[in-house]
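This report goes through a structure from a single contact surface to the fold of one chain and then to selected sites within that chain.

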Amino acid sequence: MDKIIRINMTELTSSIEPVPEEWAGLGGRALTSTIVAKEVPPTCHALGSSNKLVFAPGLLTGTAAANSGRLSAGAKSPLTGGIKECNAGGTAARMLAKLGIKAMIVEGAPDGDKWYSIHVTKSAITIQEESELLGKGNYCLVNNVQARHGLPVGVISIGPVGEMKMLSANISVADPDSRIRSLGRGGLGAVMGAKKIKFISIDDTGTPPVMPKDTVKFKEAARTFAKTLLDHPVSGQGLPTYGTNVLVNILNEAGGLPTRNFTSGQFAAHDKISGETMHATIVARGGTPTHGCHAGCQIQCSQVYNDKDGKYVTSGFEYETIWGFGANCCIEELDDIAEADHIMDDIGCDSIETAVMFGVAMEAGILPFGDGKGVIRMLREDIGKGTPLGRILGGGAAEVGRMYGVTRVPVVKNQGIPAYDPRAVKGIGVTYAMATMGADHTSGYAIATNILNVGGHVDPLSKAGQIDLARNLQIATAAIDSTGMCLFIAFPALDIPECLSSLIDMINARFGIHLTGDDVTALGKSVLKIEHQFNLDAGLSKEHDRLPEFFSKERIAPHNAIWDFTPEELDTFWNF
Amino acid sequence: MAQDADTIMEYVMSYKIIPDLCNACGSCEAECPNRAISHVEKLFTIDPNKCTECQGTYDSPMCAQLCNSDACVPA
């Protein structure tokens, strides 16, 4: 029987509640955002005791559906000041789903200085004082926690950056190889740190897989769904071969690869950091070019990157990280970026926010553009150890821009703009401006239609059709984020009709219900509206749904492109 | 009799995945209690040295119960 777990960190107690009827059809982002909107005062301090941190597996997590193992986390974000949902792979989501935990709500905060861990099993929830692993990085932590239990338990943790409540702090989740995946954006690690929780471990021993109500229909739909993932050129070929970093050369060619803190759209050394170069390097060094972030992943866009001696450096080496330190900070050595990625996973900071921040820091003169070794040193010695400079850098791009008087600061709602220039790829610009999450490419991935010709084509340099595109993608994404599915299923979903219909068939067979495509669209709309209202109530008005001024003043090579949407045009996004 | 003995000798307590049937959904990998299933070159395979046919854990092999395409069969 599904249940809600509530953990009160003020009282150090836990309780189990039945699932309210209005939450029964929700999962993942729909559930975290609904709970946050209902239970968190929008004007509260995000690091205070009134904020709540909610974890939820998706509607299909724990079943035999491919790519359904994502974990959502939600709270009020200390970075954006609005609502936040992040999701990642790893093993925890599936374990929570098998334990029948529809959501885990962490509320309150302890009065004293003590730190805690939480252990969840089939029969108990244990809150224990934790001291041994304080100050430790996530890699060490995961190994220690799993060794304590003698089992590959699920682990949700924060590194030192989360303990210090920096705004770039992320939450980590152990993957099937006991390595790190990240609930990256919006400083949710600081929220977990504010609640004095170093880690949550989950043991699903004794729980069977989640079985659908109608096994025959589920299997039929799951078979169709899996085939669409294999058949689509992006999910079936491009991502498995080169990972997300296939995009470096593509965006460079499109003139939308933000370079040198968003002052150009092309990077001369793009080939040195490209997916093709990365793939060749991984193969030559005995790494793993295809790898899944969670068991049951069919797309396998992750990879294991080794150093020159064949020793593990990082996994899940993503395009946005490589772009951010590569083109945006002009670092040409892939090995330096890989080491930075390892350190960020370990100390627990968002690799997008941190990369955008370093671009601003380089412009501020804190370190030179291209200084890979300087980045590694500052990550380890300043941010990781919380020196005064490290605290500023760990506050993210907007914080550093304010401290150093930089005017070219690529953020929306204080959150760093990722890897696609909004002047040269205008659909993603609309997503950045309007997303309830702050600048977040995954909220409505217009690159698919602007650049990859998935779901048709909308000219990236023209304003025409971009607002409709971003709106439709954000609605669809909000629904997908609620299923527990990896967002990359959107590629086949946009091109192959059977993908979406079989996804809905799986949900129907899982719960014995009769959703239609319209119901799923309505769910996506409802999630966005709930999040938007929370943001309005938190003080994020329509004036926050804008890109920074410099995008409208500075043209970007090679297309001489500029951001030219009016506020009135952008506001039509919410006409639904 | 000798033939029977050979048959016994050759029997490995394991399931296997028929490549032509596997559609790589990964459902078997996620629930294998022995972590015997892995993703190899676009499909999933069972390591016969780790597979116990789920004896002691489930009533019947879980990979076969979950498989969407009847690809998991006795080796």
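## Contact between the chains

Two residues are in contact here if their C-beta atoms, placed from the backbone, lie within 7 Å. By that criterion, 16 residues of chain A are in contact with 13 residues of chain B. On the side of chain A that touches chain B, the largest share comes from helix α6 (residues 215-231) of chain A, with six residues. By type, the residues on that side of chain A are eight nonpolar, four polar and four charged. The model is predicted.

## Overall fold of chain A

Chain A contains 23 helices and 17 strands. Its C-alpha atoms fill a box of roughly 60 × 50 × 50 Å along the principal axes.

Of the 576 residues of chain A, 62% count as buried. Among contacts in chain A between residues at least 6 apart in sequence, 72% join residues at least 24 apart.

## Nonpolar core

The largest nonpolar core has 209 residues; A:Val54, A:Leu96, A:Ala103, A:Phe225, A:Ala490 and A:Met506 touch the most other members. Helix α18 (residues 466-483) of chain A gives the most to this core, nine residues.

Leaving aside residues up to four places away in sequence, A:Met506 touches A:Leu60, A:Ala65, A:Phe218, A:Ala221, A:Ala222 and A:Phe225.

## Helix α13

Helix α13 (residues 372-383) of chain A has 12 residues and spans 15 Å from its first C-alpha to its last, close to the expected 16 Å. Its buried residues are A:Gly372, A:Val375, A:Met378, A:Leu379 and A:Ile383. These residues lie on the same side of α13(A), because they cover an arc of only 125 degrees around the axis. An α-helix has 3.6 residues a turn, so residues three or four places apart point the same way.

The elements that cover the buried residues of α13(A) include α4 (160-163), α10 (319-325), α11 (334-347), α12 (351-363) and α14 (388-393) of chain A.

## The site at A:His294

A:His294 sits in the loop between β13 (288-291) and β14 (302-306) of chain A. A:His294 counts as buried because it has 28 C-beta neighbours inside 10 Å, where 20 or more are required.

Not counting residues up to four places away in sequence, A:His294 touches A:Gly69, A:Gly89, A:Gly90, A:Thr91, A:Arg94, A:Asp175 and A:Pro176. A:Arg181 is 113 residues from A:His294 in sequence, and their C-alpha atoms are 9.3 Å apart in space.

Note on methods. Residues are numbered from 1 along each chain as its sequence is written. Chains are lettered from A and ligands numbered from 1 in the order in which they are written. This is a predicted model: local features need pLDDT of at least 70, side-chain atom pairs count only at pLDDT 80 or more; totals for chains, interfaces and linings use all residues. Helices (H or I, at least four residues) and strands (E, at least two) are DSSP runs, numbered from the N terminus. A residue is buried if 20 or more other C-beta atoms lie within 10 Å of its own, exposed if 12 or fewer, and partly exposed in between; C-beta atoms are placed from the backbone. The expected span of a helix is 1.5 Å times one less than its number of residues. The arc is that of the directions from the helix axis to the C-beta atoms. A nonpolar core is a set of buried Ala, Val, Leu, Ile, Met, Phe, Trp, Tyr and Cys residues joined through C-beta atoms within 7 Å. Ala, Val, Leu, Ile, Met, Phe, Trp, Tyr, Cys and Pro count as nonpolar, Asp, Glu, Lys and Arg as charged, and the others, Gly among them, as polar.
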